[in-house]
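Please open the model in your viewer and keep the selection panel at hand. The stops below take you from one selection to the next.

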Amino acid sequence: MTKSKLYLFILIACFTGLSYLFYKTIYSHQATSISTCMVKNITGYPCPSCGTTRAIQLLLNNNWMASLQMNPFGILVALMMFGFPIWIVFDLLFKKDSFYKYYQKTETIIRTKWVAILLIIVVIINWIWNIKKEL
């Protein structure tokens, strides 16, 4: 993926996530029985990322432990959603490519067999935990 396509994709993804978080925060007082998770709607079981939005909301309310208990992926997603756009804007303003180099290096590491297997195991453990918590 080219640098410009990656930056555009990440910025759109982060903007979409932040917009959804803003929407859910404003309308969280309205009770609804419909989940936005397609996996949960189809199967009745939560996906590995179920609870991430609520975890980020808890994190923004300075409730770290409840955020971790809701879904540990929330902290990771929050760091990426808030940090990546700042990093990309910095790169664009100062004509750098540090984020792009970071992405390439990270992709190479994740493609290593043992790292990929470890990450898959972490996702499966989180999924089992979400099911056990009846998220």
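The tour visits aromatic rings and then a pocket. The model is predicted, so local features need pLDDT of at least 70 and side-chain atom pairs count only at pLDDT 80 or more, while totals for chains, interfaces and linings use all residues. Residues are numbered from 1 along each chain as its sequence is written, and side-chain values use heavy atoms, without hydrogens and water.

Select Tyr7 and Phe99, an edge-to-face aromatic pair at 5.7 Å centre to centre with 70° between the planes (ring centres of Phe, Tyr or the six-membered ring of Trp within 6.5 Å; planes under 30 degrees apart are stacked, over 60 edge-to-face, the rest tilted). This pair links distant parts of the chain, with Tyr7 in helix H1 and Phe99 in helix H6, 92 residues apart (helices are DSSP runs of H or I with at least four residues, numbered from the N terminus). Tyr7 is buried at 3% relative accessible area, and Phe99 is buried at 2% (buried is under 20%, exposed over 50%, partly exposed in between, with a 1.4 Å probe and protein chains only).

Ring pairs join Tyr7, Phe84, Trp87, Phe99 and Tyr102 into a cluster.

Now select Met80, Phe84, Tyr102, Thr106 and Ile110, which are the closest to the centre of the second largest pocket among its 13 lining residues (on a 1 Å grid over the protein atoms alone, a pocket is an open set of points where a 1.4 Å probe fits, with protein on both sides within 12 Å along at least five of seven lines; lining residues have an atom within 4 Å of a point). Helix H6 gives the largest share of this lining, 6 residues.

Technical notes: Helices (H or I, at least four residues) and strands (E, at least two) are DSSP runs, numbered from the N terminus.
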